[in-house]
Amino acid sequence: MPKYTLSVNGNLLSAEADADTLLLWVLRDHLNLVGTKFGCGMAQCGACTVHVDGQAARSCVLPVSGVGTRKIVTIEGLSSTGDHPLQQAWEELDVAQCGYCQSGQIMSAAVLLKENPHPSDEDIDNAMGGNICRCGTFVRIRKAIHLAAKKNKAK
Amino acid sequence: MKPTISRRHFLKVSGISTGGMLLSFSFLNQAVKADTAVDSSFDLNMFIRIGSDNTIVLLAPNPEIGQGVKTSLPVIVAEELAVDWRKVKVELAPLDAKFGRQTAGGSGSVRGRFTALRTAGATAREMLVAAAAQTWNVPATECIADNGEVLHKPSGKKLTYGELASKAATMPVPSSPALKATKDFKLIGTRITDVDAHKITTGKPLYGIDTRREGMLFAMVARPPAYGKTLASVDDTAARKVSGVKHVIKLKNSVAVVAASTWAAKKGREALVIRWNATEKLENSAEHFAAFKEMLDKGAPSAARNDGDVQAAMQSASKVLDVTYELPALSHGQMEPLNFFADVQNGKAELYGPTQVPGQVRNEVSKALGIPEKNITVGVPRQGGGFGRKLMSDNGLEAALISAAVQSPVQVQWTREDDMQNDFYRPAEMYRYRAALTEDGLTGWHQSGVGIGGGPRGDSYVAGALANYRSEGQGLKSNTPTGWWRAPGANTLAFAAESFLDEVCSALKKDPVAYRLQLLAKAKTDPVGRLGYDPEKYKSVIDLVAKMSNWGATPDGIHRGFATWFSFGSYAAQVVDLKMIGGKPKVMKVYCAVNCSRVINLSGAENQVEGAIVDGICHAMFPKITFVDGAVAESNFHAYRFLRINDAPLAIDVKFVQSDEAPTGLGEPGLPPVAPALANALFSATGKRFRKMPFAEYLA
């Protein structure tokens, strides 16, 4: 079985896996980074969203052999102290219900804020349309992204 | 070494079927030898553990599926215990008979446990006070407990709960502890963030799917591709050659592949060559609906409720409305696909995974494997949604069978396709409504429903407000499985009944809010037959939502719909405001008034209602399950469409009717009124009645 060395959250981590193994399962089963969630396996729900070289990517359709030297960031690495403005805003507004989709939501939102520090509701809807929340927390998600944008500005 | 407990007092709580709790105390003088005085912790009762280092651990007894009870139940204890909530640690309680009904279902956790949890908190508080009084040799009446400390008022002396815990655990258990006056509540009714919020936002392991154990194997299961098909034969030659595959197990009607990783298990499963035989009829949704229609035309042989003479009312009516509503089967689609961990070895079983009914999992595993229940543990992690799917215990039982067969710890993982195509579906239903209209208004109401399985029932509102009322239900036998789906029964009946009442109002040229109030006034002052609801509480939510939305003064460009429903002891009324943008409806705002009596956690309560509203809009608009030759046509979210953020309401305004009564259900009651309120708003926008779900199919 081939061995892959991946840059994940700033560390070089190795995993022996078949070339077609999807990044999601390498993260979860091999590297024990279970914050990235399995939801659909076909890039339909966004629960598995990670950053690949700063872009939001669905790890459930990305073969490990295609990652190469690109830098992966998962929810565990979004902030070393767990206090990214989005994480703070999510907690302040008590966004989560079951919570399962929220790591993917936050990872998508982090890319949005990097590219568009002060998004409108419409910008948010356009950027976050790939992330399903079955509990229906969307109204709070919009509010939390606006709040995080404000926190960023205040910094 | 685990901290030892010097003495335990157990509070025995057992549920009774009405949702109330029986409470009794038993003293178990299990003098466990104290290990070391350092870092000891003491169970003041089964919900409360206090450490001498001042840690306060509260146990949440019911499964957390996103309905917020891991937060709200301990809040009730903390209120009476009088502790600083920020210092409390919450743990999910293990499955144990002493905790009573450990189920997540029927919006029952808070309403079933409110008094018992208050009593548990008050009991411990009084024992802490007694311990302080004894320490200071003063009367207990001179001491007060607050914020995790006991204060002796006259002297100003203080002791923390941590300092008092060891002595408190030896105090007699008070038989009727004094509960706080509700006006003195400090926590209950405030906004409290979910106890797991930080773990959720930082991706910590919390869910069943995150279970990782030494030596654990991963399994996937090939299940029949259609209802009515059974396993004939399997050739696993190729599957066994897949790198990482360790075992292939033939179960009764499925084949499990057990491997070193999820990916290997999945590839192994794909390599199986299985022959399935059709051994029963392979059913189609189209045939279900055709049969429904036939049954509705024929009529039910008997009625669930029959007041007055509906037939005569129809005959003497100047106009009869006769309308049919149709709802498809639905999947649950909780975001965490089903999974379960099992380790069955040497006559013992350890199970851990998502379930709303851990007791049922244990019972079924015990029966299937012949292991006594006392040798089976069932741990319940936080769950990625429930919606009723996990009131069935198939996922837990299957994992136990596989682990027993391979004699290893195993995590069984379902794919989204497995989850969607092996569900216990919200049954498809069809309703026919007839209303007798005269110059005097509505004089007769005939409600007739049919569905897979038992068929819809319900004699709720408007029963009791009309002299002539008939309700009947019929069931169609089917081998497609059905189960509970958020607000079972109510989620379909409310759509049909409240849409029809709106049609009646249109025909009578009556305002839908004013007309409902008129019917409720009649039900209150001069009810016909048994009343299954409280007209005053119904009125309370209608009045409040009318005020919130400024009913009667619809803003320009907005189309409005109204509906209300009563379920799980609670009342909800909603106004949906939408705009048509490019022929597509955009929900601008939903107003919702709820009467669930006392609210425990305001943030969590609003969350439940906001979520229920989005859930209701989603399932009215987009998804459906279709059976084609016994198979489920939809396999994943590309075909089974969920609402996304761009279709979510821009704003949701939730308000609760203030009440001092004990809480009623809240996980479900916010859902039933949404679909009819949306349908009624769509009528106002388009002039077209939306009588068939999903609406999006014929909006285009």
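A polar contact is a pair of N or O atoms within 3.5 Å, where, within protein, one atom must be able to donate a hydrogen and the other to accept it, and where residues adjacent in sequence count only if both atoms are side-chain atoms. The legends below use this term and a few others, each explained where it is needed.

The structure is a predicted model, in which local features need pLDDT of at least 70 and side-chain atom pairs count only at pLDDT 80 or more, while totals for chains, interfaces and linings use all residues. Residues are numbered from 1 along each chain as its sequence is written, chains are lettered from A and ligands numbered from 1 in the order in which they are written, and side-chain values use heavy atoms, with hydrogens and water left out.

**View 1. The fold of chain A.** Chain A contains 5 helices and 5 strands, which are DSSP runs numbered from the N terminus (helices are H or I with at least four residues, strands are E with at least two). Along the sequence these elements follow the pattern β-β-α-β-β-β-α-α-α-α. The radius of gyration of chain A, taken over C-alpha atoms, is 15 Å, close to the 15 Å that the globule rule (2.2 Å times the number of residues to the power 0.38) gives for 155 residues, so chain A is as compact as a globular protein of that length. Taken along the principal axes, the C-alpha atoms of chain A fill a box of roughly 45 × 30 × 25 Å.

**View 2. The two domains of chain A.** The domain assignment, which is automatic or comes from a database, gives domain 1 (3-77) and domain 2 (85-154) in chain A. The centres of these two domains, taken over C-alpha atoms, are separated by 21 Å. In domain 1 of chain A, 17 residues are in contact with 14 residues of domain 2 of chain A, contact meaning heavy atoms within 4.5 Å. About 1200 Å² is buried between the two domains, and carbon and sulfur atoms give 55% of this area; buried area is the accessible area (1.4 Å probe) that two parts lose on being put together, summed over both. The rule finds 7 residue pairs in polar contact across this interface, both residues being at pLDDT 80 or more. Strand S3 (49-52) and strand S4 (55-58) of chain A each supply at least two residues of the side of domain 1 that touches domain 2. By class, that side has 7 nonpolar, 8 polar and 2 charged residues, where Ala, Val, Leu, Ile, Met, Phe, Trp, Tyr, Cys and Pro count as nonpolar, Asp, Glu, Lys and Arg as charged, and the others, Gly among them, as polar. Between these two domains of chain A the rule finds 0 salt bridges, a salt bridge being a side-chain nitrogen of Lys or Arg within 4 Å of a carboxyl oxygen of Asp or Glu.

**View 3. The interface of chain A and chain B.** Here 50 residues of chain A are in contact with 62 residues of chain B. The two chains bury about 4700 Å² between them, with 57% of it on carbon and sulfur atoms. A:Gln97, A:Tyr100 and A:Arg134 supply 17% of the area that chain A buries against chain B, more than any other three residues. Across this interface the rule finds 9 salt bridges, and also 32 residue pairs in polar contact, both residues at pLDDT 80 or more. The helices of chain A that each supply at least two residues of the side touching chain B include helix H1 (23-30) and helix H3 (102-115), while H5(A) gives the most to that side, with 5 residues. By class, the side of chain A that touches chain B has 22 nonpolar, 15 polar and 13 charged residues.

**View 4. A salt bridge between the chains.** The side chains of B:Arg212 and A:Asp29 meet in a salt bridge, with a distance of 3.0 Å from N to O.

**View 5. A salt bridge within chain B.** By the salt-bridge rule the count over all chains comes to 54. In chain B, the side chains of B:Glu606 and B:Arg191 meet in a salt bridge at 2.7 Å, N to O. This pair links distant parts of the chain, 415 residues apart, with B:Glu606 in helix H15 (residues 602-621) of chain B and B:Arg191 in the loop between helix H3 (161-168) and helix H4 (197-201) of chain B.
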